Amino acid sequence: MNTVRLSTRLATVASFVETGAVVADIGSDHAYLPCFLIHNGTVQKAIAGEVVKGPYDSAVRNVRREGLSSAVTVRLANGLFAIEESDAVDTVTIAGMGGPLIANILESGKDRLQGVKRIIAQPNIYAKAIREWAVANDWTIRDEAILKEDGKIYEIIVLERGAAIYNELELLVGPILLQNKSAVFLEKWERELTEWRRVLGSLEQAEQTDAIKERKQELLTHIDFVGKVLAI
Ligand code: SAM
């Protein structure tokens, strides 16, 4: 992967960035995504935010090597605190982290989202945390994608402003992904069902404390929901 050829995962995130947007890529590591967006002409200006010094340094090096220092500003900052008002950022991308961490980054920096119209999130696990954050903060799910690369399955969630209500199943599997029920979607939830049944089996062997009983009930609810989706 480099700034001209991205992984399918990041290229799919990039495909949801609108032409002419001003993007802040949070957790930018090598700054591959912002550089790619500039190279292919989708955006003219981007911010790459990174909280860890090593990845920040490699983002700075990459941007310099590509001759993009005037177009991509790299900042060492925690989450959305990489965004400054004068940047006029209207699109945020956050990819390659767990859903709860992404939701936490959105929640703790939400004052920085004032001018932002679109958030494109790619959680590696537990996308539900992002959908729950969206509902609680008046963002609506405008689009979703699911893809498989190198044996791993990734979800992408595109949020825009507006209140929305989703039921528990939609929060878990994604309202748009649920409508489309692609082959990758079905494979993901087959895998999850197998894993949940395995965990449930081992919880049956454990001492039945209140916490274990609660976890079992949660798993049974998820198994019931998703089992119905797969049976259709
Ligand atoms: N976004 C790239 C991608 O999808 O390939 C890099 C993903 S990498 C696994 C996650 C990056 O997010 C790491 O470089 C990590 O240091 C950074 N990160 C984690 N928490 C962060 C935070 N609160 N603010 C900014 N960056 C963060």
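Tutor: Start at threonine 42, in the loop between helix 2 (32-39) and strand 2 (45-50). Helices (H or I, at least four residues) and strands (E, at least two) are DSSP runs, numbered from the N terminus. This is a predicted model: local features need pLDDT of at least 70, side-chain atom pairs need 80 or more, and totals for chains, interfaces and linings use all residues. Residues are numbered from 1 along each chain as its sequence is written, and side-chain values use heavy atoms, leaving out hydrogens and water.

Threonine 42 has a relative accessible area of 13%, so it counts as buried (under 20%; exposed is over 50%, partly exposed in between, with a 1.4 Å probe and protein chains only). What does threonine 42 touch? Leaving out residues up to four places away in sequence, its contacts are Val17, Glu18, Thr19, Gly20, Ala21 and Leu37. Contact here means heavy atoms within 4.5 Å.

Now move to helix 4 (residues 99-108), which holds leucine 106. Leucine 106 is buried, at 0% relative accessible area. Beyond neighbours within four places in sequence, leucine 106 contacts Leu80, Ile94, Leu113, Ile119 and Trp133. Glutamine 205 is 99 residues from leucine 106 in sequence, and their C-alpha atoms are 39 Å apart.

Next, helices 8 and 9. Helix 8 (residues 183-205) packs on helix 9 (residues 210-231) at about 150°, with the axes 10 Å apart. Those axes are lines fitted to C-alpha atoms over the stretch in contact, and angles run from 0 to 180 degrees between N-to-C directions. That makes the two helices roughly antiparallel; the cut-offs are over 145 degrees for roughly antiparallel, under 35 for roughly parallel, 65 to 115 for roughly perpendicular, and oblique for the rest. The crossing of helix 8 and helix 9 is left-handed, meaning the near helix is turned anticlockwise from the far one by less than a right angle.

Helix 8 contributes residues including Phe185, Leu186, Trp189, Leu193 and Trp196 to the contact. Helix 9 brings, among them, Ile212, Arg215, Leu219, Ile223 and Val226. The contact has 15 nonpolar, two polar and five charged residues. Nonpolar covers Ala, Val, Leu, Ile, Met, Phe, Trp, Tyr, Cys and Pro; charged is Asp, Glu, Lys and Arg; the others, Gly among them, are polar.

Arg215 also pairs within helix 9. Arginine 215 and glutamate 218 meet in a salt bridge, 2.5 Å from N to O. A salt bridge is a side-chain nitrogen of Lys or Arg within 4 Å of a carboxyl oxygen of Asp or Glu. The two are three residues apart in helix 9, which means about one helical turn separates them. Arginine 215 is partly exposed, at 34%, and glutamate 218 is partly exposed, at 36%.

Aspartate 224 is partly exposed, at 38%. Elsewhere, shared partners join Arg131, Glu144, Glu155, Lys188 and Glu192 into one network of salt bridges.

Glutamate 144 and arginine 131 meet at 2.8 Å, N to O. Glutamate 144 sits in strand 6 (residues 139-149) and arginine 131 in helix 5 (residues 128-136), 13 residues apart. Both are buried. The whole structure has 19 salt bridges.
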